[in-house]
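Visitor: Hi, I've got a protein open on my screen and I'd like to talk it through with you. Can we go piece by piece?

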Amino acid sequence: PEAADADALSTALYVLGADGLSSVAAPGGDVGAILVLPGDGPGIVRVIVANLDAKTCVVPESAGVEVERIA
């Protein structure tokens, strides 16, 4: 609910990387997150969405975009 909280959580996630997602945005928790990471090959982007439903966060799957949802 506060910008300072969002800033602190985003900084923590930036430092921890994808491995820290379960600590920052635990499945089923109150914190939602979107990570955009390099994919498994050139021109591939990996998008991880945590605790945000498909209506709240629309990520169109297309060539070059891998989407993973964690609820």
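Visitor: Let's start with Arg46. Which residue is its bridge partner in β3?
Guide: The bridge partner of Arg46 in β3 is Glu66. Strands here are DSSP runs of E with at least two residues, helices are runs of H or I with at least four, and both are numbered from the N terminus.

Visitor: Before we go on, what kind of model is this?
Guide: This is a predicted model, where local features need pLDDT of at least 70, side-chain atom pairs count only at pLDDT 80 or more, and totals for chains, interfaces and linings use all residues. Residues are numbered from 1 along each chain as its sequence is written, and side-chain values use heavy atoms, with hydrogens and water left out.

Visitor: OK, back to the strands. How do β2 and β3 pair?
Guide: They pair in the parallel sense, over 6 bridges. Two strands count as paired if DSSP finds at least two bridges between them. Another facing pair there is Ile48 and Glu68, the latter in β3.

Visitor: And which way do β1 and β2 run?
Guide: Antiparallel, with 6 bridges joining β1 to β2, which covers residues 45–50. Leu37 stands opposite Arg46 of β2, and Val36 is opposite Val47 of β2.

Visitor: What's in the hairpin between them?
Guide: The hairpin of β1 and β2 has 6 residues between the strands, and Gly43 there takes a positive phi near 75°.

Visitor: So what does the whole sheet look like?
Guide: It's an open sheet of 3 strands in the order β1-β2-β3, with mixed pairing. β1 and β3 (65–70) are the edge strands, each pairing on one side only. On average, neighbouring strands are turned by 15° against each other, direction ignored. For that angle, axes are lines fitted to C-alpha atoms (for helices, over the stretch in contact), and angles run from 0 to 180 degrees between N-to-C directions.

Visitor: How many salt bridges does the structure hold?
Guide: The structure holds 1 salt bridge. Glu68 forms it with Arg46, and the closest N and O atoms are 3.1 Å apart. Glu68 is in strand β3 and Arg46 in strand β2, so the pair ties together parts that are 22 residues apart in sequence. The term means a side-chain nitrogen of Lys or Arg within 4 Å of a carboxyl oxygen of Asp or Glu.

Visitor: How accessible are those two?
Guide: Glu68 is partly exposed, at a relative accessible area of 33%, and Arg46 is partly exposed too, at 29%. Buried means under 20% relative accessible area, exposed means over 50%, and partly exposed is in between (1.4 Å probe, protein chains only).

Visitor: New topic: is Val36 buried or exposed?
Guide: Val36 counts as exposed because its relative accessibility is 59%. Its place is in strand β1, residues 33–38.

Visitor: Which residues form a nonpolar patch on the surface?
Guide: Ile34, Val36 and Val45 do, with about 250 Å² of accessible area together. Patches are made of residues with over 30% relative accessible area and no salt bridge; like charges are joined within 9 Å, and nonpolar side chains (Val, Leu, Ile, Met, Phe, Trp, Tyr) within 5 Å. The areas come from the Shrake-Rupley method with a 1.4 Å probe, and for residues only the protein chains shown count as cover.

Visitor: What about Ala25, buried or exposed?
Guide: Ala25 counts as buried, at 2% relative accessibility. You'll find Ala25 in the loop between α2 (21–24) and β1.

Visitor: What does Ala25 touch?
Guide: Leaving out residues up to four places away in sequence, Ala25 touches Val31, Ala33, Ala50 and Asn51. Contact means heavy atoms within 4.5 Å. The C-alpha atoms of Ala25 and Ala71 are 9.5 Å apart, though the two residues are 46 apart along the chain.

Visitor: Where is Asn51?
Guide: Asn51 is in the loop between β2 and β3. Its phi is near 60°, a positive value in a residue other than glycine. Most residues other than glycine have a negative phi.

Visitor: And Val67, what does that touch?
Guide: Val67, found in strand β3, touches Val47, Val59 and Glu61, not counting residues up to four places away in sequence.

Visitor: Last one: what's the order of elements in the protein?
Guide: From the N terminus on, they run α-α-β-β-β. Of the 71 residues in the protein, 21% are buried.
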